[in-house]
Amino acid sequence: MAKEYSKYFTKPSLLDARKRKNEEVSLIDYNNFDLINNFGVNKTYKINTYGCQGNEADSEAIAGILEKLGFTESVELEDADLIILNTCAIRENAENRVFGNLGNLKKYKKNNPDLILGICGCMPQEEKVIEKILKSYPYVDLVFGTHNIYKLPEYLETVLLSKERVIEVFSQEGSIVEHMPKIRANTKKAWVNIMYGCDEFCTYCIVPYTRGKERSRKPEYIIEEVKELIKEGYLEVTLLGQNVNSYGNDFTDLDYRFKDLLNDLNKLDIPRIRFTTSHPKDFDLETVKIIAKGGNLMPYIHLPVQSGSNSVLSKMNRKYTKESYLELVEYIYKYIPNASITTDIIVGFPTETEEDYQETLDLVEKSRFEGAYTFIFSPREGTPAAKYENTLSEETKKERLYELNRKINDGYLLGNQRFENKIVKVLVDGQSKNNSEVLAGYTENNKLVNFKGDSSLIGSIVDVKIYEAKTWFLLGEYIG
Ligand code: SAH
Ligand code: SF4
Ligand code: F3S
């Protein structure tokens, strides 16, 4: 275990993280980094990833760097020489899970004093988390944040070779790192970041603080990455950003936006392009029309609404209304009749009245959502909404969530029933969790399908005829 603190001791500040400067976004090209060290040879690692796809993509870069340094992935967590928790700060229960896990890992440290324990991602970006680690989890050797993954080799060198602790978290960063090595978790479906950070500052949300200012990747790097993935045999790419519809707004010398990117990717020879997350405020009609062209642009849109009440939406700083959201939804259905729309909803936002909540239920009905992630508001220290007065009992919040979920599940089933007796294209992921004779995969509309078929079909796109729709999945028969 690392004993002394090293020269790396930089703590974050949420206040600094709030600031947005007009500085040019700098580009760091990882191809210029010499990963000649091989201090990971004969050592194994394990990464536990929490949170969103952004974190999953980051973990792939962390794995890429580690393998370049000679590490190999450990099969079991308890056998690993290096364990990294890539964490999420979005809600309190997400953070509690990580702290619980950190507590459990103490025993591995006892069994193996040479084990290196690291924590990264969004949680270390909060000063309260760093204080807690210093006070209650002194056996953590390595702490870094979302902006400095690329510095992992020097941190590991310090922890492993000098046996010194590293804590380095930056709160302001305007850089984009290109060409980081990646070990992707899937061989057919890939995440591709198109932008980093978020400038929206929804009043409940910690992400703009933990991920920094919005920075878009230059289109040539994105297109180069997708072309590389095509060569490697990938069939599906999901473009990632906290608000993909504002892609390119930060370009000073380039008039190129999300619709242009979709248009360019539409011409490439890859069967499926997805994207997440869309922001209703910036989703324009032109983008809807481009997606309507079809081809590899999938008819599935995740469009978080958060609430159906204009008063709550305004307190959330979402910058759209129930009416403008419904108008957008109707445009989507008009131009892409086959579209599946899903959403995110927060109940129990401070001051949410019964009428506000009824507005949300009304919007859910009118939007014909085919699924949703629903949450009870969780106050995040340092965000404006954490200071709003909580007028609701826990019981009311739970009742609202429960009733909302029932409505959402009805929509889920209706959405699935649309496909009964139809032939759908399924990208086969693998065997079903419950039955190895059954294969599982996703349709273009992102519906889970189970069907009987040979394992040789895994990793390809096949035709399946749906004979029964359940709430959570479709049952089908392999056609060819
Ligand atoms: N950038 C995306 C979502 C990122 S976070 C967007 O704007 O839609 C994913 C979801 O977590 C959000 O859509 C929201 O529904 C939920 N969420 C974020 N902060 C939360 C909080 N403090 N309490 C409860 N849910 C929250
Ligand atoms: Fe959070 Fe809003 Fe940014 Fe989404 S758009 S990440 S909810 S601040
Ligand atoms: Fe969580 Fe950070 Fe993503 S807070 S949702 S891991 S951006």
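Where does Asn 42 lie, and between which two elements?

Author: Asn 42 lies in the loop between E2 and E3. A word on the ground rules comes before the details. This is a predicted model, so local features need pLDDT of at least 70 and side-chain atom pairs count only at pLDDT 80 or more, while totals for chains, interfaces and linings use all residues. Residues are numbered from 1 along each chain as its sequence is written, chains are lettered from A and ligands numbered from 1 in the order in which they are written, and side-chain values use heavy atoms, with hydrogens and water left out.

Helices (H or I, at least four residues) and strands (E, at least two) are DSSP runs, numbered from the N terminus.

Back to Asn 42. Its phi is positive, about 70°, although Asn 42 is not a glycine. Is Asn 42 buried or exposed? Asn 42 is exposed, because its relative accessible area is 75%. Buried means under 20% relative accessible area, exposed over 50% and partly exposed in between, with a 1.4 Å probe and protein chains only.

Strand E3 covers residues 44-49, and Thr 44 belongs to it. Thr 44 counts as buried, because its relative accessibility is 19%. Setting aside neighbours within four places in sequence, Thr 44 is in contact (heavy atoms within 4.5 Å) with Phe 71, Thr 72, Ser 74, Asp 79, Ala 80, Asp 81 and Leu 82.

The loop between helix H1 (14-18) and strand E2 (26-29) holds Glu 24. Glu 24 is exposed, with a relative accessible area of 63%. Glu 24 touches Gly 174 and Thr 252, not counting residues up to four places away in sequence. Glu 24 and Gly 174 are 150 residues apart along the chain, yet their C-alpha atoms are separated by 7.3 Å.

Another loop residue is Asp 141. Its loop runs between helix H4 (127-136) and strand E7 (142-144). Asp 141 is buried, with a relative accessible area of 0%. Its C-alpha atom is 5.0 Å from that of Arg 165, which is 24 residues away along the chain.

A second residue with a positive phi is Arg 368, at about 50°, and Arg 368 is not a glycine either. Arg 368 lies in the loop between H12 and strand E17 (372-376). Arg 368 is partly exposed, with a relative accessible area of 45%.

The peptide bond from Thr 276 to Thr 277 is cis, with omega near 10°. Thr 277 sits in the loop between strand E14 (272-276) and helix H9 (285-292).

Next, the helix pairs. Axes are lines fitted to C-alpha atoms, for helices over the stretch in contact, and angles run from 0 to 180 degrees between N-to-C directions. Helix H2 (residues 53-68) packs against helix H5 (residues 152-161) at about 60°, with axes 10 Å apart. That makes H2 oblique to H5. Angles under 35 degrees count as roughly parallel, over 145 as roughly antiparallel, 65 to 115 as roughly perpendicular, and the rest as oblique. H2 gives Ile 62, Ile 65 and Leu 66 to the contact, and H5 gives Leu 152, Pro 153 and Leu 156. The contact of H2 with H5 has six nonpolar, no polar and no charged residues. Ala, Val, Leu, Ile, Met, Phe, Trp, Tyr, Cys and Pro count as nonpolar, Asp, Glu, Lys and Arg as charged, and the others, Gly among them, as polar.

Helix H12 (residues 354-367) and helix H13 (residues 394-417) pack at about 15°, with axes 10 Å apart. That makes H12 roughly parallel to H13. Their contact includes Tyr 357 and Leu 361 of H12 and Leu 404 and Ile 408 of H13. By class, the contact of H12 with H13 has five nonpolar, no polar and five charged residues. Helix H11 (residues 322-335) also packs with H12 at about 15°, with axes 10 Å apart. H11 and H12 are therefore roughly parallel to each other.
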